[in-house]
Amino acid sequence: MPASRRSLSPRKQPTQQRSREMVELLLKSTTRILVKDGLTGFNTNKLARVAGVSVGSVYQYFPNKDSLLSALIEAKVAADVEFFIEWMKDAEGWSGERRFEELLLAGIELHRRDHKLMKVIFAQLGSSGQLGLVERTHDRLFDMIRAMIREKRSLGEADLNERTYVVGQLVLAIWHSQVEKDWMKLDARSVARRALSMIQVCIQDGGRS
């Protein structure tokens, strides 16, 4: 059955502590398999073995592997948001330049650390049912960038949106490229500072005058 027609929702919502622990175990075990063997090496039978539970226990919570991947992406996005909140918690006391540099560094660190899992997620987003969730997370990033640009320059709405789009796409491109090993060899802070110089040009000189 095509993934688009299969249920992507958990069969059972974990309301009790024991149920939540089981779901957490299944998602952690799913991550282990995906990182080690990739998507082609993932199935519910292997998941049951790795998690040390019966296949029936897996199906009690998730009707198929697509629903597992959907839940995993949802959990990963939530964890990533918390990661950024923690990384940027002191941002109000930073200069505008440092805010952009730290934003870049946070994403580089996150994508390099979880690069194997990220590659699987990127490949599965379209069929996971969580593309909208990721898009909303990107919207939050763009809102942050828009506010950071607005602090540095007084711009009309169209000009502000244009520069926000360009800067946001640059940030995402640098982050997403970090799942490739060749780019992971580069010094993260040097990459962030070079990108920052491009961002500064965009904010100060780019766009319509």
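Predicted model: local features only at pLDDT ≥ 70, side-chain atom pairs only at ≥ 80, totals over all residues.
**Entry: the whole chain**

I looked up burial next. The protein has 209 residues, and 44% of them count as buried. Then I checked the contacts with a separation of 6 or more: 71% of these come from residues 24 or more positions apart. For the accessible surface of the protein I have about 11700 Å² in my notes, with 51% of that belonging to carbon and sulfur atoms.

**Entry: the largest pocket**

I went looking for empty space. Rolling a probe the size of a water molecule over the atoms shows where such space is left. What is the volume of the largest pocket? I wrote down about 520 Å³. The largest pocket is lined by 24 residues, and those closest to its centre are Asp-80, Val-81, Phe-84, Thr-137 and Trp-175.

Which helix gives the most to the lining of the largest pocket? I found that α4 does, with 7 residues. I also listed the helices that each supply at least two lining residues: α4 (65-87), α5, α6 (115-128), α7 (131-152) and α8 (157-177). Sorted by class, the lining comes out as 17 nonpolar, 4 polar and 3 charged residues.

Phe-84 and Trp-175 had turned up by the pocket centre, and I wanted to see what their rings do. How many aromatic pairs are there? I count 3 aromatic pairs. In one of them, the rings of Phe-83 and Phe-84 have their centres 5.9 Å apart. Their planes stand at 85 degrees, over the 60 needed, so I call this pair edge-to-face.

Phe-84 also pairs with Trp-175, at 5.1 Å centre to centre. With 35 degrees between the planes, I put that pair down as tilted. Phe-84 sits in helix α4 and Trp-175 in helix α8, so the pair ties together parts that are 91 residues apart in sequence.

Are these two residues, Phe-84 and Trp-175, buried or exposed? Both are buried. For Phe-84 I noted a relative accessible area of 17%. Phe-83 is at 17% relative accessibility, and because the cut-off for buried is under 20%, Phe-83 counts as buried too. Stepping back, I saw that Phe-83, Phe-84, Trp-87 and Trp-175 form one aromatic cluster.

**Entry: Glu-102**

Trp-87 came up again when I turned to Glu-102. I placed Glu-102 in helix α5, which covers residues 96-113.

**Entry: Asn-45**

Last stop was Asn-45, which lies in helix α2 (residues 44-51). I got 44% relative accessibility for Asn-45. That falls between 20% and 50%, so Asn-45 counts as partly exposed. I also checked Asn-45 against Gly-56, 11 residues apart along the chain. Their C-alpha atoms are separated by 9.8 Å.

Methods
Residues numbered from 1 in each chain as written. Heavy atoms only, no water. Helix = DSSP H or I, 4+ residues; strand = E, 2+ residues; numbered from the N terminus. Contact = heavy atoms within 4.5 Å. 1 Å grid on protein atoms, 1.4 Å probe; cavity = no way out; pocket = protein on both sides within 12 Å on 5 of 7 lines; lining within 4 Å. Points joined across faces, edges and corners; volume = space filled by probe spheres on them. Nonpolar A, V, L, I, M, F, W, Y, C, P; charged D, E, K, R; others polar. Buried < 20%, exposed > 50% of the residue type's maximum accessible area, 1.4 Å probe, protein only. Areas by Shrake-Rupley, 256 points an atom, 1.4 Å probe, with all protein chains shown as cover. Phe/Tyr/Trp six-rings, centres within 6.5 Å; stacked < 30°, edge-to-face > 60°. Lists of a residue's contacts leave out its neighbours within four places in sequence.
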